[in-house]
Amino acid sequence: MRPFSIKTKLGALVVISVLITTGLSMIAVHTKTELRFITVFSMIATLLITQFVAHSLTAPLDEMNAVARSIWHGDYTRRVRDDRRDELGDLAQTINLMADELEAQDRQRKELVANVSHELRTPIAGLRAVLENVVDGVSEADPETMRTALKQTERLGRLVETLLDLSRLDNGVVPLRRRRFEVWPYLSGVLKEANMVASARADLASGSGGGHTRTDVHLHLDVSPPELTAHADPERIHQVMANLIDNAVKHSPPHGRVTVRARRGDHPESLALEVLDEGPGIPKSEWHRVFERFNRGGVPAPHGPGSDGGTGLGLAIARWAVDLHGGRIGVAESQRGCRIQVILPGLPSLPS
């Protein structure tokens, strides 16, 4: 039995009441005081002690009731004081843990809308630009143009499938369709698509009077060895690279250069990826916050004509996809600009 449990307190209350009654009775015997006066004094003392103990038990219950009502009305910010060392303290900790979990789930539901908007914006903008150019007669509906539109439509379809997987994500079960693929043609396709989307955005922006796009940044691919292969989910890695490239382009100087580098990792089919830009970089004090949702870093404004600040979700989405693979993502030391490093584990190690 713990020394400060409710059972101990109630037992102490009974013992103290008995001791008070016994003590007053002994005083009455020695002083020849009437029994009725001893009985009244004993009842008053016992009631006062009982009231004190009852208040110490009911006050935290009232507080827990108020917090529970707030949670019921959707306010997950209130907490119960959990500094007690009895069963009520344990109950307060449990209520606080429940409130933390409900608050996290509510925040995730709100962030889901922001994530979906961020992920759908790029393919929708690219598809709209391509179709508007065809309708306005700016470009012909040739096979190359239709292939671009089809690729964006397929991208939208895959994103919808990703939304269907989010319920499994809440349960800790997210399907990863891992397969072996050649890194050079895969990343070359990612960069080509990034260039096409940037051009489509530029056409759309020029037609609508907007300017939130970058077409002056050169994308460079560096894969060594050229026959490098990896084992991962290509769709998830596409999310990672597309967001990292988009972030690097936004913060590049005019006519800057963004380099995507791929090297072999330490394990079979593992992969080390880097995205480097020539922008102002990220202060070291901000490295631990780079991958937080809605964080746009310490740079006051993106560089280059037509760049915007984005939503602060791209790097958070990239970290989510890397974490699904059991890999690592982070900011690395760089003499110039920003360098984001991604490590994918590849095939699991075989037991010796």
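Reply: Arg79 has a relative accessibility of 27%, so it counts as partly exposed. The model is a predicted one, and every value below was computed from it. Glu103 also counts as partly exposed, because its relative accessibility is 27%. The term covers values between the cut-off for buried, under 20%, and the cut-off for exposed, over 50%.

These two residues form a salt bridge, with their closest N and O atoms 2.7 Å apart. Arg79 belongs to the loop between H2 and helix H3 (87–135), while Glu103 is in helix H3, so the bridge ties together parts that lie 24 residues apart in sequence. As background, side chains of opposite charge can pair when their charged atoms come close. To count as a salt bridge here, a side-chain nitrogen of Lys or Arg must be within 4 Å of a carboxyl oxygen of Asp or Glu. The count by this rule is 13 salt bridges.

Another of these pairs is Arg261 with Asp222, where the closest N and O atoms are 3.6 Å apart. Arg261 counts as partly exposed because its relative accessibility is 28%, and Asp222 is partly exposed because its relative accessible area is 23%.

Next comes Arg336 with Glu278, whose closest N and O atoms are 3.9 Å apart. This pair links distant parts of the chain, 58 residues apart. Arg336 is in the loop between strand S6 (328–332) and strand S7 (339–344), and Glu278 is in the loop between strand S5 (271–276) and helix H8 (314–324). Here the partners fall into two classes. Arg336 has a relative accessibility of 53%, so it counts as exposed. Glu278, at 25%, counts as partly exposed.

Salt bridges can also share partners. In this way Asp222, Arg261, Arg263, Glu274 and Arg339 are joined into one network.

A cis peptide bond, with omega about 0°, joins Ser224 and Pro225. Pro225 is in the loop between S2 and strand S3 (229–232). His255, in the loop between H7 and S4, has a positive phi, near 60°, and is a residue other than glycine. His255 counts as exposed because its relative accessibility is 67%. Glu269 is in the loop between S4 and S5. Its phi is also positive, about 60°, although Glu269 is not a glycine. For comparison, most residues other than glycine have a negative phi, and most peptide bonds are trans.

A search of the whole structure finds one cavity of 30 Å³ or more, and the volume of the largest cavity is about 40 Å³. Its lining is made up of Leu244, Asn247, Ala248, Val275, Asp277, Leu315, Cys338 and Ile340. Helix H7 (residues 234–250) gives the largest share of this lining, three residues. Sorted by class, the lining has six nonpolar residues, one polar residue and one charged residue.

Phe37, Val40, Phe41, Ile44 and Leu48 make a nonpolar surface patch of about 490 Å². Val40, one of these, lies in helix H2 (residues 35–72), and it counts as partly exposed because its relative accessibility is 42%. In helix H3 there is Ile124, which is partly exposed because its relative accessible area is 42%. From Ile124 to Ala149 is 25 residues in sequence and 9.8 Å in space, C-alpha to C-alpha.

Key
Residues are numbered from 1 along each chain as its sequence is written. This is a predicted model: local features need pLDDT of at least 70, side-chain atom pairs count only at pLDDT 80 or more; totals for chains, interfaces and linings use all residues. Side-chain values use heavy atoms; hydrogens and water are left out. On a 1 Å grid over the protein atoms alone, a cavity is a set of points where a 1.4 Å probe fits but cannot get out, and a pocket is an open set with protein on both sides within 12 Å along at least five of seven lines; lining residues have an atom within 4 Å of a point. Grid points are joined across faces, edges and corners, and a volume is the space filled by probe spheres set on the points. Helices (H or I, at least four residues) and strands (E, at least two) are DSSP runs, numbered from the N terminus. Ala, Val, Leu, Ile, Met, Phe, Trp, Tyr, Cys and Pro count as nonpolar, Asp, Glu, Lys and Arg as charged, and the others, Gly among them, as polar. Patches are made of residues with over 30% relative accessible area and no salt bridge: like charges are joined within 9 Å, nonpolar side chains (Val, Leu, Ile, Met, Phe, Trp, Tyr) within 5 Å. Accessible areas come from the Shrake-Rupley method with a 1.4 Å probe; for residues, only the protein chains shown count as cover. Buried means under 20% relative accessible area, exposed over 50%, partly exposed in between (1.4 Å probe, protein chains only).
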